[in-house]
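Biologist: Thanks for sitting down with me over this one. Could you take me through how the labels on it were reached?

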Amino acid sequence: MILFKQLLPTKRGLGGALNRFRGSSLRFFSSSPETFVEIHSQEQEVVIALGSNVGNRLHNFNEALRLMKKSGINITRHACLYETAPAYVTDQPQFLNSAVRGVTKLWPHELLGVLKKIEKDMGRTAGIRYGPRPIDLDILFYGKFRVSSDILTVPHERIWERPFVMAPLMDLLGADVENDTVACWHSLSIHSGGLFESWEKLGGDSTIGKDGMKRVLPIGNDFWDWSLKTSVMGILNLTPDSFSDGGKFQSVEAAVSQVRLMISEGADMIDLGAQSTRPMASRISPQEELDRLIPVLEAILKMPEMNGKLISVDTFYSEVASEAVSKGAHIINDVSGGQLDPNMTKVVAGLEVPYVAMHMRGDPATMQNSENLQYDDVCKQVASELYSRVKDAELSGIPVWRIIIDPGLGFSKKTEHNLELLTGLPSIRAEIARKSLAMSHSPVLLGSSRKKFLGETCTRPTASERDPATVASVTAGVLGGANIVRVHNVRDNLDAVKLCDAMLKYRRSLA
C-alpha cells in the first residue's frame, strides 16, 4: 500500500512560520508502485542527499548532479561538502556527503526511479547495506508531502539520527523560514522546534570538526578544511599601475623572485593580478591581460617551492579565467562577483575550481562614484548584495561548496564603511545566514593590505608605509572570522595570523 499525503503542519515550534501554511490532505492508494497513478503534476521542490566513498568522490558527485539535471531535476541550491567517517559499517573509506535542493515535475516514485538508475549507471551494486558505494542518492523531502510505500518513505526515516545528513540538510535552509514548503519540512521534524531543534539535538555546529566530520572545500585533488588555520595569500601584481607596487614585478624574473620570497616567508597561496583594479583604473583587454599573466604563471608553476602551494588568478574576464586554469591555476578571484563578464560564472562552473566572489558596485573606474557609496547599513547591504551574486553563480552551476566570499574592502566603500566591515564580519555572516546557512559557512577572504582607508586612518599617504596598519587590520579580521588574508607583506602578517589562530584555539578550548 502507498500513502501519498499533502500535509497540514500542526507543530508550533517555529511560531507564525508554520501557521502560514494551509493545505488540504490528499491520499492515494495502490497495490504497487508500477500501477500507482499520481494526479498531482505541478513542479515540486525536493531535497536530495548525496554520499560517496568509492573512487573519485567529488567526480561522482559532479556526475550525479549532471545526470540529475539531464533527468528533469533542476538544482537550485547546494549544501557544503562534508568529509565524514563511515557509520554503521566502519571498516571502509571515508565518505563525502552533501545535499541539494531542486525542483522537478517528476512524481515521487518517478524521482526514486531516476535516482536509482543514476546509482546503477554509476556502478552501484547491491553489496553490503551501509557499505562502500560510488554514489548514494536519497530523497529527504518532496514538496509538502509525506510519502509512505513499500519502497519509499519521505521524509527519509533515518534523517534524525545522522549528523552527516542533517548538517548538509541545514545548509540548504536559511535562519528565516523562506516559504510554505520549508515551513512544512520543519513541521515534519520529530521535534517541536522543527529542523533547527533536530540539528541541535545531534550537537549542531559544534559537531563540525569533531567525531570524524569536517566541512571542506575542494581545491585540485585535495579537500581543504579552512577551520584548521587561517591561510595567507601573497599578492603579486603584474601591472604597471597598481596602487602599491605597480611596475615592480612586470618581468618574469622579478615576479619569480618575489614569489620565492613570499613562499619562503610562509605564504600558502599566491594571487596573480595582471589587470589593475585600483580606483579609476582603465580596463585592458583580455588578450593584454593574458600577455602579462601567462608567462609568469607558467614560470611560477615550474618552481619547486610551489609544491603544495596554491595559485589564484585575480581577473573578471572569463577568457582569462579559462586560460589560466588550463595552464594550472587553482582558484579564480573575481573582484566583480560575476558582474563585469556575463559568461564568467558559467565558465567557472565548467572549470570546477573555487571561485572568490567579491563585493563591488560598478567597476574600478566608477566604484568610488557617489551613487556607489550610498549605504544605510553597510554590513547588511554588502551581505545582501553578495548573497544575490553568489546565488546567481550557484544557478549558473557553481556549487556553494566551491565559493569563497570577500566583502570587498576598498571597493565602492568610504573609510567608515571599510572600518565597519572590518569589525562586522560576524554580522555579514549572520545576515547571509538568514537566507542561506551554507553560504554563511563559506570561507571569507579579507583584502585590506595597504589600502587607502588605512592610510587615511593612520595618516600614511604612501602605500608602502601602511604595513603596520595592515597587520592591525588583519588581526581584527582574523579574530572576526576571516579565513584567508590577502597581503603584500607576508612575513609580518603571518606572525599576526599565527597569534590570532592561537588565541582562537585557546578560546575554543574553554568552551
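Biologist: What makes up the lining of the second largest pocket by class?

Modeller: Keep in mind that this is a predicted model. By class, that lining has 20 nonpolar, 10 polar and 12 charged residues. Gly is counted with the polar residues, and Asp, Glu, Lys and Arg are the charged ones.

Biologist: Which residues lie nearest the centre of the second largest pocket?

Modeller: They are Arg-124, Arg-133, Asp-136, Asp-138 and His-156, out of 42 lining residues. The elements giving two or more residues to this lining are β2 (44-52), β5 (95-104), α3 (108-121), β6 (136-142) and α4 (163-171). The largest share, five residues, comes from α3. The space in this pocket is about 1,000 Å³.

Biologist: And how much space lies in the largest pocket?

Modeller: About 1,200 Å³. It has 28 lining residues, and Ile-208, Arg-215, Ser-227, Asn-483 and Arg-508 are the closest to its centre.

Biologist: Which domains does the lining of the largest pocket draw on?

Modeller: Domain 1 (44-215) and domain 2 (229-510) each give at least three residues. Among the helices, α13 (425-433), α16 (467-479) and α17 (490-510) each supply at least two, and α17 has the largest share with five residues. By class, the lining of the largest pocket has nine nonpolar, nine polar and 10 charged residues.

Biologist: Let's turn to the rings. Why is the pair of Tyr-142 and Phe-145 called tilted?

Modeller: The ring centres of Tyr-142 and Phe-145 are 6.3 Å apart, and a pair needs centres within 6.5 Å, so the two rings count as a pair. Their planes stand at 55°. A search of the whole structure finds five aromatic pairs.

Biologist: How do you know whether Tyr-142 and Phe-145 are buried or exposed?

Modeller: Buried means under 20% relative accessible area. Tyr-142 is at 2%, so Tyr-142 is buried. Phe-145 is also at 2%, so Phe-145 is buried too.

Biologist: One more, please. Why does Asn-60 count as buried?

Modeller: The value for Asn-60 is 9% relative accessibility, which is under the 20% cut-off, so Asn-60 counts as buried. Asn-60 has its place in helix α2 (residues 57-70). Leaving aside residues up to four places away in sequence, Asn-60 touches Ser-52, Val-54, Gly-55, Met-122, Pro-134 and Ile-135.

Technical notes. Residues numbered from 1 in each chain as written. Predicted model: local features only at pLDDT ≥ 70, side-chain atom pairs only at ≥ 80, totals over all residues. Heavy atoms only, no water. Helix = DSSP H or I, 4+ residues; strand = E, 2+ residues; numbered from the N terminus. Buried < 20%, exposed > 50% of the residue type's maximum accessible area, 1.4 Å probe, protein only. Contact = heavy atoms within 4.5 Å. Phe/Tyr/Trp six-rings, centres within 6.5 Å; stacked < 30°, edge-to-face > 60°. 1 Å grid on protein atoms, 1.4 Å probe; cavity = no way out; pocket = protein on both sides within 12 Å on 5 of 7 lines; lining within 4 Å. Points joined across faces, edges and corners; volume = space filled by probe spheres on them. Domains from an automatic or database assignment.
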